[in-house]
Amino acid sequence: EVEKIRIKITSLGLTESRITSDETIQQLFVECRLNNFLAEETPLSLPKPTGGQRIHYNYSTVINVDKEDNHAEREYLKSILLKPDLPANSLKFTVVSDPPEDEQDLECEDIGFAYVSLKEIFQKQRDIIEQDIDVFDSQDASAVIGKLTVTVEALHALRSVHEECKND
């Protein structure tokens, strides 16, 4: 069995903030990043949700962390489990504003960040299934601008990595 971390980005809702009132922000996509290894993004950018609505990506991806082919990812998972001082936010979700077709001089802009701790999944021995996580404003890390519904199934892979740590 190939060990993997499954990630699903289900939907995004925004609360009233500078993001909702900014008319240059129209289309949003979400990127998911594991440390420096891997960045996946939703293939679609969707129109910014308005008051109380959510936009649905229903995007799933898999990160393989088997020994044979994905050594670096696996070593990173080990370091998460073994080093208490490593920052816990190992999975980072970035909400990105995708400029409209007719505004090609505008850049993609990171508007918010959300985090999932793989260390916490291991400590609690519980995957995250369809859970709302806070999205923090990229310009003000204390301000929550919305909720991202995600699934992160990593416990099986983390247990396997942990067993390996004990045997090393």
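Reader: With which residue does Glu-164 form a salt bridge?

Author: Glu-164 forms a salt bridge with Arg-74, and their closest N and O atoms are 2.6 Å apart. A salt bridge here is a side-chain nitrogen of Lys or Arg within 4 Å of a carboxyl oxygen of Asp or Glu. This is a predicted model, in which local features need pLDDT of at least 70 and side-chain atom pairs count only at pLDDT 80 or more, while totals for chains, interfaces and linings use all residues. Residues are numbered from 1 along each chain as its sequence is written, and side-chain values use heavy atoms, with hydrogens and water left out.

Reader: Which parts does the pair of Glu-164 and Arg-74 tie together?

Author: Glu-164 lies in helix α4 (residues 155-167) and Arg-74 in helix α2, so the pair ties together parts that are 90 residues apart in sequence. Helices (H or I, at least four residues) and strands (E, at least two) are DSSP runs, numbered from the N terminus.

Reader: Is Arg-74 buried or exposed?

Author: Arg-74 counts as buried, because its relative accessibility is 1%. Buried means under 20% relative accessible area, exposed means over 50%, and partly exposed lies in between (1.4 Å probe, protein chains only). Glu-164 also counts as buried, at 15% relative accessibility.

Reader: Which side chain meets that of Glu-3 in a salt bridge?

Author: The side chain of Arg-74 meets that of Glu-3, with an N to O distance of 2.5 Å. This pair links distant parts of the chain, 71 residues apart: Glu-3 is in the segment before β1 (4-14), and Arg-74 is in helix α2 (residues 71-82). Glu-3 counts as buried, at 15% relative accessibility.

Reader: Which residues are linked in a network of salt bridges?

Author: The network links Glu-3, Lys-67, Arg-74, Glu-75, Lys-78 and Glu-164. A search of the whole structure finds 12 salt bridges.

Reader: What about Lys-124, and how far apart are Lys-124 and Glu-120 in helix α3?

Author: Lys-124 forms a salt bridge with Glu-120, the closest N and O atoms being 3.3 Å apart. The two residues are separated by about one helical turn because they are four residues apart in helix α3. Lys-124 is partly exposed, with a relative accessible area of 47%, and Glu-120 is partly exposed with 39%.

Reader: Changing topic, which residues form a negative surface patch?

Author: The negative patch is formed by Glu-101, Asp-102, Glu-103, Asp-105 and Glu-107. Such a patch consists of residues with over 30% relative accessible area and no salt bridge, like charges being joined within 9 Å. Glu-107 is found in the loop between β6 (91-98) and β7 (109-116), and it counts as exposed at 67% relative accessibility.

Reader: How many disulfides does the count come to?

Author: The count comes to zero disulfides, a disulfide being a pair of cysteine sulfur atoms within 2.5 Å. For Cys-108, the nearest cysteine sulfur is that of Cys-32, 17 Å away. Cys-108 counts as partly exposed, at 44% relative accessibility, whereas Cys-165 counts as buried, at 14%.

Reader: And the backbone: what is the phi of Gln-125?

Author: Gln-125 has a positive phi of about 55° although it is not a glycine. Gln-125 sits in the loop between α3 (118-124) and β8 (128-137) and counts as partly exposed, at 34% relative accessibility. Glu-130, also not a glycine, has a positive phi near 45°. Glu-130 lies in strand β8 and is partly exposed, with a relative accessible area of 39%.

Technical notes. Patch = residues over 30% accessible without salt bridge, like charges linked within 9 Å, V, L, I, M, F, W, Y side chains within 5 Å. Areas by Shrake-Rupley, 256 points an atom, 1.4 Å probe, with all protein chains shown as cover. Lys, Arg positive; Asp, Glu negative; His and termini not counted. Charge placed at Lys NZ, Arg CZ, Asp CG, Glu CD.
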